[in-house]
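Colleague: I have a new model open and would like to walk through it. Shall we go step by step?

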Amino acid sequence: MELTVGITGASGTIYAHKTLQLLAASGVVEQINLIMSGTAATVAQVEMGVNLKDPTVPKINEWLGLAPESRLIRFWRLDNLAAKPSSGSHKQAGMMIVPCSMGTLGAIASGAGTNLIHRAADVCLKEGRKLVIVPRETPFNAIHLENMLRLSHAGARIMPASPGFYHRPKSIDELVEHLCFRILDQFDIPHSKRSVWTGEEVES
Ligand SMILES: Cc1cc2nc3c(=O)[nH]c(=O)nc-3n(C[C@H](O)[C@H](O)[C@H](O)COP(=O)(O)O)c2cc1C
């Protein structure tokens with residue numbers, strides 16, 4: 001399977017990091033087209049203390065704990081509108097934007113995108129491919145909410161970065177992982193089954 005992952009400048013770099021690691025470990029993903037916005041690198045520096053300015057594949061492999069020679073990640077510059085994910089003629093499973101800022105959300109919802117993340121998302125919508133958007137902001141204003149509804153109507157799956165607690169997470173890692181599992185579920189990508197609710201008797 002080949003898919004595209006966009007990382008933007010919303011809070012929650014940790015979700016992108018964990019999602020990429022789970023995709024790498026899934027055994028079914030052969031290529032990840034990775035695109036990062038400039039602000040995504042700023043947020044990554046603030047939140048994870050990692051320098052992803054001018055990213056290269058070796059730098060990203062190191063960040064993800066992948067072997068230096070791994071060819072799983074294919075990195076595309078944000079201004080490269082001639083990149084593979086920019087064309088509908090290039091077939092792939094779809095795209096996830098993790099986390100998604102309100103700026104990127106608005107650009108995609110308006111259909112007037114200007115960078116490769118916007119274009120790749122637009123391509124998924126027009127080709128009827130999966131587009132999973134993980135927006136993060138709080139509180140949402142009416143424009144954010146309308147943009148999410150618009151994208152949902154256009155076929156995107158909106159998965160706010162609001163993790164559940166019913167699996168009783170013991171760490172931030174478990175909290176984060178739970179949401180990332182649900183993101184992988186949208187593509188039927190295998191992972192540990194810890195996020196599957198099997199039912200429970202609760203006294204009323
Ligand atoms: C540390 C930090 C945290 C941010 N958190 C958010 C956020 O949670 N949601 C959001 O919509 N924007 C957030 N922003 C603002 C966006 O990064 C900004 O609007 C940017 O222009 C988005 O561009 P992009 O979508 O191309 O990454 C944050 C910025 C910084 C520096």
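Colleague: Which residue stands opposite T4 in β4?

Modeller: This is a predicted model, where local features need pLDDT of at least 70, side-chain atom pairs count only at pLDDT 80 or more, and totals for chains, interfaces and linings use all residues. Residues are numbered from 1 along each chain as its sequence is written. β1 and β4 pair in the parallel sense over three bridges; strands are DSSP runs of E with at least two residues, helices are runs of H or I with at least four, and both are numbered from the N terminus. Pairing takes at least two DSSP bridges between two strands, and opposite T4 in β4 stands M95.

Colleague: What is the bridge partner of L3 in β2?

Modeller: Strand β1 covers residues 2-7 and strand β2 covers residues 31-36. The two run parallel, joined by six bridges. In β2, L3 has as its partner I32.

Colleague: How many residues of strand β4 are buried?

Modeller: A residue is buried if 20 or more other C-beta atoms, placed from the backbone, lie within 10 Å of its own; 12 or fewer makes it exposed, and in between it is partly exposed. Strand β4 spans residues 94-100 and is largely enclosed by the rest of the structure. Across the protein chain, buried residues make up 37% of the 204 residues. For β4, the count is seven of the seven.

Colleague: What is the bridge partner of C100 in β5?

Modeller: Strand β5 covers residues 130-135. It pairs with β4 in the parallel sense over five bridges. The partner of C100 is P135.

Colleague: Which helix gives the most residues to the shell around the ligand?

Modeller: There are 16 residues around the ligand, and T8, G9, S37, M102 and T104 come nearest; a residue is near if its C-beta atom, placed from the backbone, lies within 6 Å. Two helices, α2 (38-48) and α4 (102-110), each supply at least two residues of this shell. With five residues, the top contributor is α2.
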